[in-house]
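Open the structure in your viewer and keep the selection tool at hand. The stops below say what to select and what is there.

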Amino acid sequence: MEHHFDTELDVLKQKLLTMASHAETAVNRAVEALVTRNHDLAVRVKDDDTIIDQCEIEVDDLAIQLLAKAPLASDLRLVTVAMKISQNLERVGDEAAKIAKRARDLSREPPLKLNLELPQMAALALALLKAALDSFVNHDSAAARAIIPRDKEVDALNKKINGELTLHMMENRDSIPRCLNLITAARSLERIADHAKNVAEEVVYLNEALDIRHTGAKGQVTPVPAPGA
Amino acid sequence: MTPGENKTVPETRQESRAKSRELGPSVPHSTLDSLARQSEAGTARPSTVPTALALTVRNLSVSFGGNQVLKHTSLDIAARAVTAIIGPSGCGKSTFLRALNRMHELTPEARVEGEIRLFGEDIYARNVEPVVVRRRIGMVFQKSNPFPTMSIVENVTVGLRLNGVSNRRLLAERTEQSLRMAALWDEVKDRLHAPAVSLSGGQQQRLCIARALAVQPEVLLMDEPASALDPLATAKIEDLIVELKKDYTIVIVTHNMQQAARMSDFTAFFYLGELVEFDTTTKIFTSPAKKQTEDYVTGRFG
């Protein structure tokens with residue numbers, strides 16, 4: 001006879017994986033719409049964001065019900081991690097919708113004659129998201145840990161692209177609206193990579209029962225000072 | 001239920017199901033009706049609102065020697081679901097449970113008023129034998145009580161044999177069926193004639209469940225069935241109850257709220273002899289409507 005609670009935890013995992021699949025698809029499509037200047041694809045991403053929002057509600061609702069049953073140890077960590085991952089995935093969906101909106105606007109204007117590393121940045125952000133979600137499915141804490149430092153690569157690309165677009169705007173005033181759209185799209189990609197890193201940190205917590213968030217460059221944690229200190 | 005029935009072999013489940021379909025619930029308004037109305041308005045979860053009621057309790061009052069323990073309680077027990085009864089000590093939950101299968105008649109100074117119907121039939125009606133009621137509504141107690149002088153198989157079949165069943169094949173079939181349903185068969189199939197008391201605490205409790213199931217009841221009442229058991233045995237009982245509810249209506253009294261949350265579909269909170277709140281288990285344990293319920297569930301009572 002199977003343990004009834006395991007069945008319920010499986011339902012939670014499945015809901016989360018469905019949500020992850022929707023979020024990944026949204027980012028894939030948004031990036032494609034941006035890079036290939038596809039107006040219709042961009043509109044579709046925006047419309048599909050409501051599905052991801054609904055997934056967040058369902059995952060959190062189920063998680064609360066499961067918490068009432070007093071799960072312990074790895075079961076407890078799974079339920080709380082599921083709630084955090086669902087929140088990160090919902091934000092990923094929002095960022096994908098933002099990219100799609102910018103892609104839609106950009107597709108209506110002539111393309112800029114700039115060789116930005118935006119496709120590379122997008123590919124990297126996508127790869128980090130996929131790797132984070134795979135590490136959750138595969139209970140692979142090592143793979144999750146490997147994702148975390150790579151977020152800095154995306155940050156670096158964002159800074160570079162920002163610099164190039166700022167320079168271009170100063171020299172070509174009529175390109176300002178298009179450049180601003182691209183800056184926003186790049187910022188959304190940077191946020192998506194951040195969320196991928198957050199998911200990776202939650203996967204480490206789930207598998208190792210270790211909270212590795214906010215540790216400094218040398219791995220140190222800054223203690224919270226007592227009130228009035 | 002007619003006067004001559006207690007002398008015949010218990011009717012099969014198919015027969016009693018067919019009969020209850022004919023009679024149907026005769027209560028005009030019930031607590032679960034209002035849940036159904038809420039689900040139409042979109043506030044309750046439709047999938048957890050039952051379509052059939054096994055027991056309907058109206059204005060139940062129980063007193064012992066002038067001391068009123070249960071006051072004007074009305075409650076619906078959904079068929080093929082688990083209803084948990086929770087509340088602090090002395091709130092009347094065990095008294096309520098025992099009223100459901102006329103156990104109070106074994107206590108001389110007990111007085112029971114009100115109406116209880118099993119699939120529409122009044123179980124306290126004048127022409128109804130309590131013994132028949134207790135066959136259709138079985139009970140499992142807090143401290144497991146296998147008959148100490150009997151073997152495992154004798155314990156399982158005692159109800160059938162007392163009702164005049166002597167067909168060896170039928171008894172053997174029911175024994176295996178009941179022990180399988182109680183998730184005990186694999187552990188005892190090679191020593192059915194061993195004394196019942198040679199089993200562990202958790203196994204004895206599952207034996208008592210098998211004994212109750214052997215007479216094919218429609219409802220199973222359980223009074224804190226796992227409170228005397230260790231966590232592993234408790235988990236087995238909980239998993240068992242979740243399996244059993246596919247075929248049986250189960251009412252369980254428990255003081256362990258997480259247990260109620262884990263395995264029940266509906267929860268009733270009793271306090272000082274009154275029903276304070278009744279709703280889906282999810283609602284009671286995530287967002288109870290009454291402050292008293294919230295105080296009890298969060299352990300802030302008194």
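Start with strand 3 of chain B, which is covered on both faces: B:V82, B:A84 and B:I86 are buried on one side, B:T83 and B:I85 on the other. Buried here has a cut-off: 20 or more other C-beta atoms, placed from the backbone, within 10 Å of the residue's own. Strands are DSSP runs of E of at least two residues, and helices are runs of H or I of at least four, numbered from the N terminus. In a regular strand the side chains alternate between the two faces of the sheet.

This is a predicted model, in which local features need pLDDT of at least 70, side-chain atom pairs count only at pLDDT 80 or more, and totals for chains, interfaces and linings use all residues. Residues are numbered from 1 along each chain as its sequence is written, and chains are lettered from A and ligands numbered from 1 in the order in which they are written.

Next, select residues 249–253 of chain B: this is strand 8, parallel to strand 3 and joined to it by 4 bridges. Pairing requires at least two DSSP bridges between the strands. Within strand 8, B:V251 is the bridge partner of B:T83.

Then select residues 266–271 of chain B, strand 9, which also pairs with strand 3 in the parallel sense over 4 bridges. Here B:T267 stands opposite B:A84.

Last, colour chain B by pLDDT, the predictor's confidence in each residue from 0 to 100. The average is 85, and 83% of the residues score at least 70. Over residues 1–30 of chain B the pLDDT is below 50.

Technical notes. A residue is buried if 20 or more other C-beta atoms lie within 10 Å of its own, exposed if 12 or fewer, and partly exposed in between; C-beta atoms are placed from the backbone. Two residues are in contact if their C-beta atoms, placed from the backbone, lie within 7 Å.
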